[in-house]
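Subject: Structure for your study

Dear colleague,

Please find the structure below, followed by an account of what was found in it.

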Amino acid sequence: MKILVCIKQVPDMESRFKANSQGVWFEETDLAFRMNEYDEYAVEQAVQLKEQLGDAPEVTVLSIGPDRVVEAIKKALAMGCDRGVHVQDPAAATRDPWQIASIIASHAGDKGYDLILTGMQSQDRGSAQVGVTVAEELGYACATTLVGFAFSDGTVTAKRELEGGIKGVVRLRTPALVTCQLGLNVPRYPTLPNIMKAKKKEIQTIAVAELLKEEPLATTVSFHPPARKGGGIVLEGDVGVLVDQLLGILKDKTAVLR
Amino acid sequence: MSAKLFKGAEYLISEVSSADVFTPEDFSDEQRQIGATTEQFVLNEVLPHREEIEHHNLPLTVELMKKCGELGLLMIDAPEEYGGLELDKATSMLAAEKLAQAGSFSVTYSAHTGIGTLPLVYYGTKEQKEKYLGKIISGEWIAAYCLTEPGSGSDALGAAATATLSPDGRHYILNGTKQFITNGGIANLYTVFAKIDKQHFTGFLVERTTEGLSVGAEENKMGVRGSSTTQIILEDAMVPVENLLGEIGKGHKIAFNVLNVGRFKLGAGATGAAKRAITEGVRYANERKAFGVPIATFGAIQEKIADQTAAIFASESVVYRLAGLIDDRLATIPKETPDYYEAYQEGIEEYSIECAIAKVFCSEMLADTVDAVVQIHGGYGFIQEYAAEGYYRDERINRIWEGTNEINRLLIPGIILKRAMKGEIPLQKEAMKAFESLMSPSFDELDDSLPFAAEKALLANLKQAFLVLAGSGVQKFMNTIKDEQEILLAVADVAINIFAIESAILRAEKILPALSDSRKASIRAAVKVFTFNGSEKTASAARRAAYYIEEGDTLTMLLAGIRRFTRYDATGLLQAKRQLASASIAAEKYIF
Ligand SMILES: Cc1cc2nc3c(=O)[nH]c(=O)nc-3n(C[C@H](O)[C@H](O)[C@H](O)COP(=O)(O)OP(=O)(O)OC[C@H]3O[C@@H](n4cnc5c(N)ncnc54)[C@H](O)[C@@H]3O)c2cc1C
């Protein structure tokens with residue numbers, strides 16, 4: 001069995017974000033990066049499945065991005081993935097979900113992965129499109145927002161989260177792709193012995209040009225913080241006067257009394 | 001690997017370049033991951049139980065130690081042969097630094113992995129390691145170290161505990177009381193020091209279940225209250241002869257060499273604790289309003305944040321520079337060397353001065369930091385509900401154990417003089433040169449195009465000041481200098497501050513090229529603030545030493561020299577402090 005986990009490295013979400021000079025994405029300078037939270041669930045699920053199947057599956061972890069993403073790949077290897085693929089792409093942050101999905105699909109096309117796991121979405125861009133698009137391009141069965149996962153005899157039983165806490169259960173034959181949601185599992189910390197062992201695991205580097213054949217379908221035109229709300233007004237004086245003032249403001253400036 | 005292998009204390013007589021220092025920015029991906037795993041463990045598994053641990057839920061502490069074992073956090077310093085990871089000191093210090101955020105639990109952890117485990121690692125026989133090490137690095141057993149006695153703390157070799165060979169020659173019979181033993185109440189294996197025939201100071205591995213060993217009541221402590229501290233009482237405790245550790249009469253080597261690493265690790269821990277404390281302080285400063293604005297907007301608060309941020313930067317620089325020194329040195333010893341651990345010990349002992357420096361400098365940096373953090377909290381800093389109160393109490397012990405700061409300060413000039421006598425450090429020759437430059441000052445122009453030119457010029461001068469003072473002290477008192485403690489303490493302060501300032505400057509110089517402009521500005525600010533504070537402290541200590549040593553014209557000349565040697569142009573100091581403070585306040589944490 002062959003498993004692929006796709007992960008993204010994202011900034012620490014507690015960072016202070018500033019728009020970059022083009023105003024279409026955030027400025028990356030001085031940000032700390034880590035593995036996308038949803039992708040951690042994907043890695044954990046892949047490793048649990050590997051353990052369940054007596055170590056038989058080979059788990060590949062793939063990440064697209066500049067050199068810094070190797071750190072995230074190494075973490076996934078330390079958590080228990082077997083080998084890494086780094087699609088070297090310094091401009092990954094400028095690509096739309098279609099291009100990212102196409103890169104993954106063109107890597108995975110001839111590899112015969114039985115199961116592909118991704119996060120439900122990335123914490124920074126949050127499009128939630130990459131996983132499903134990869135499934136579509138490869139012609140894989142697909143289930144999104146998993147909060148439960150079971151596997152036997154080539155069939156995935158996926159528990160999905162619906163609106164308002166309602167759950168749905170779907171079955172998929174492999175090859176299949178699933179996207180992982182908070183609550184699916186508790187990702188392990190890489191242990192020190194595994195961190196050291198992961199040093200010896202292979203990480204293949206592929207230049208993005210070898211895999212990217214598609215033009216973007218969507219362009220980000222602006223990235224900006226929400227507009228600041230105006231300050232409040234403090235009314236002072238006699239109650240009677242205050243009431244009149246307030247009524248005046250509500251009539252003139254709002255739709256409340258119309 | 002640094003460009004040049006430096007000897008212990010060599011920094012005082014030669015110029016060190018930035019290529020020669022290891023910095024936190026040099027960590028490998030693996031080291032960073034180990035740091036992250038450790039930090040996650042503390043944040044997710046330990047801190048949520050802080051209250052329970054503080055109220056002495058020792059079974060919980062034992063449980064958490066087992067979890068540490070599962071993660072491999074107890075294996076760092078143990079040899080691979082026995083299931084350990086045998087990682088370098090930089091990694092070991094990083095784990096200690098991250099764990100230190102855990103308060104009392106980190107005391108349990110460091111005593112176990114440091115003074116608890118290392119005697120066995122360094123001096124244990126194959127059989128002893130096979131029997132005990134596996135249990136210790138998995139967390140199944142907890143380890144403790146029993147040196148102090150009610151009647152002897154600093155004077156550790158004055159121990160009264162005795163060991164007598166049993167008539168059948170199969171056991172040593174141990175008698176005595178060990179005082180203030182960390183992990184005393186939860187340990188399964190104790191490294192106990194006692195004198196064979198009241199004479200030969202020797203180490204023993206003593207199991208908890210040994211007949212005749214009993215554990216005293218838990219002490220009620222000012223801080224680190226969640227850790228276990230008890231007496232260990234030995235009444236005709238029968239210890240099998242095969243549990244003698246190292247050689248008969250060589251216990252002092254075990255005790256002191258393990259303390260070198262312990263002191264160093266304490267420095268790393270203090271650094272981690274300070275980072276957490278300042279982060280808490282900055283967060284509170286942003287939240288708390290007074291006179292209608294956040295207190296973080298006040299210069300009085302900002303100055304504290306800036307001074308401590310700069311000091312923590314220096315503290316980190318000291319710890320990892322020392323890690324690099326020791327790691328580089330240990331890397332020169334082939335693992336196949338028959339007496340590997342003997343050579344290893346010598347390697348660490350080479351830097352006993354720097355280990356003492358790390359202990360004193362980092363523990364006092366932490367003391368200043370927690371004091372500032374309480375002050376930032378105002379009245380709330382005095383209330384137990386706020387973490388600042390606990391940081392303040394927990395800090396205090398660091399200036400007492402692993403050798404009090406007085407003992408460690410005295411060690412610094414003590415060892416330097418000993419090495420000078422043996423001809424290992426050309427102190428005399430360098431002191432003579434320094435005297436010459438005292439008489440005939442040179443007025444070289446600063447080359448401002450070089451990074452940190454003013455700071456480096458100051459450093460060179462501070463080293464001259466050290467040499468002049470050490471030289472005068474020796475000249476005046478000769479062999480009795482060792483009894484002039486006030487002088488030795490002052491000279492130690494000069495040596496400590498030089499190492500710290502130098503570490504901060506060299507780290508800054510090394511990392512600067514790769515940084516963004518705003519990071520560069522923060523680093524430059526930290527260097528300026530710390531160099532200014534450090535040079536003022538050095539100047540004060542140097543003047544103290546001068547007044548203690550000399551009088552009359554010589555004193556006047558010395559004081560003039562000190563004035564010149566400690567001069568530092570800190571133009572822009574206020575802007576630097578505000579820059580550091582505003583970067584910290586924006587990030588709401590320790591920024592480096
Ligand atoms: C919570 C806690 C945990 C501890 N854990 C351990 C442990 O696990 N194992 C262990 O073996 N010990 C442990 N200790 C003991 C600790 O290391 C000693 O308390 C410390 O070394 C100081 O010894 P003392 O208390 O006897 O003080 P003393 O030696 O009596 O010192 C008293 C004062 O005199 C000064 N002084 C002493 N001698 C000199 C000198 N020659 N010159 C100048 N000044 C001097 C000291 O600096 C100090 O200020 C622990 C202590 C505490 C409080």
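Two residues are in contact if their C-beta atoms, placed from the backbone, lie within 7 Å. This is a predicted model, in which local features need pLDDT of at least 70 and side-chain atom pairs count only at pLDDT 80 or more, while totals for chains, interfaces and linings use all residues. Residues are numbered from 1 along each chain as its sequence is written, and chains are lettered from A and ligands numbered from 1 in the order in which they are written.

The contact between the chains

Chain B contributes 18 residues to the contact, and chain A contributes 15. On the side of chain B that touches chain A, at least two residues each come from α1 (29–46), α3 (58–71) and α17. The most is given by α1(B), with seven residues. By class, this side of chain B has eight nonpolar, six polar and four charged residues. Here Ala, Val, Leu, Ile, Met, Phe, Trp, Tyr, Cys and Pro count as nonpolar, Asp, Glu, Lys and Arg as charged, and the others, Gly among them, as polar.

Chain B as a whole

Chain B contains 19 helices and ten strands. These are DSSP runs numbered from the N terminus: helices are H or I with at least four residues, and strands are E with at least two. The C-alpha atoms of chain B fill a box of roughly 75 × 60 × 45 Å along the principal axes.

Of the 592 residues in chain B, 55% are buried. A residue is buried if 20 or more other C-beta atoms lie within 10 Å of its own, exposed if 12 or fewer, and partly exposed in between. Among contacts in chain B between residues at least 6 apart in sequence, 78% join residues at least 24 apart.

Packed helices

Helix α17 (residues 517–549) and helix α19 (residues 573–587) of chain B pack with their axes 8 Å apart, at an angle of about 125°. Axes are lines fitted to C-alpha atoms, for helices over the stretch in contact, and angles run from 0 to 180 degrees between N-to-C directions. The two helices, α17(B) and α19(B), are therefore oblique to each other. Angles under 35 degrees count as roughly parallel, over 145 as roughly antiparallel, 65 to 115 as roughly perpendicular and the rest as oblique. The crossing of α17(B) and α19(B) is left-handed, a term used if the near helix is turned anticlockwise from the far one by less than a right angle (right-handed if clockwise). The residues of this contact of α17(B) with α19(B) comprise nine nonpolar, two polar and two charged.

A second pair is formed by α8(B) and helix α10 (residues 340–349) of chain B, with an angle of about 55° and axes 10 Å apart. That angle makes α8(B) oblique to α10(B). The crossing of α8(B) and α10(B) is left-handed. In this contact, B:Asn257, B:Asn260 and B:Val261 of α8(B) meet B:Gln345, B:Ile348 and B:Glu349 of α10(B).

Helix α12 (residues 387–395) of chain B has seven of its nine residues buried, so it is largely enclosed by the rest of the structure. Among these buried residues are B:Tyr391 and B:Tyr392. Their cover includes α8 (251–287) and α11 (352–377) of chain B.

Individual residues

B:Ala143 is found in strand β1 (residues 143–146) of chain B. It counts as buried because it has 28 C-beta neighbours inside 10 Å. Leaving aside residues up to four places away in sequence, B:Ala143 touches several residues, including B:Asn183.

B:Asn183 lies in the loop between β3 (171–182) and β4 (189–196) of chain B. Its phi is near 70°, a positive value in a residue other than glycine. With 29 C-beta neighbours inside 10 Å, B:Asn183 counts as buried. B:Asp197 also has a positive phi, of about 55°, although it is not a glycine. B:Asp197 is in the loop between β4 and β5 (200–207) of chain B, and counts as exposed with 12 C-beta neighbours inside 10 Å.

In chain A, a cis peptide bond joins A:Thr174 and A:Pro175, with omega about 0°.
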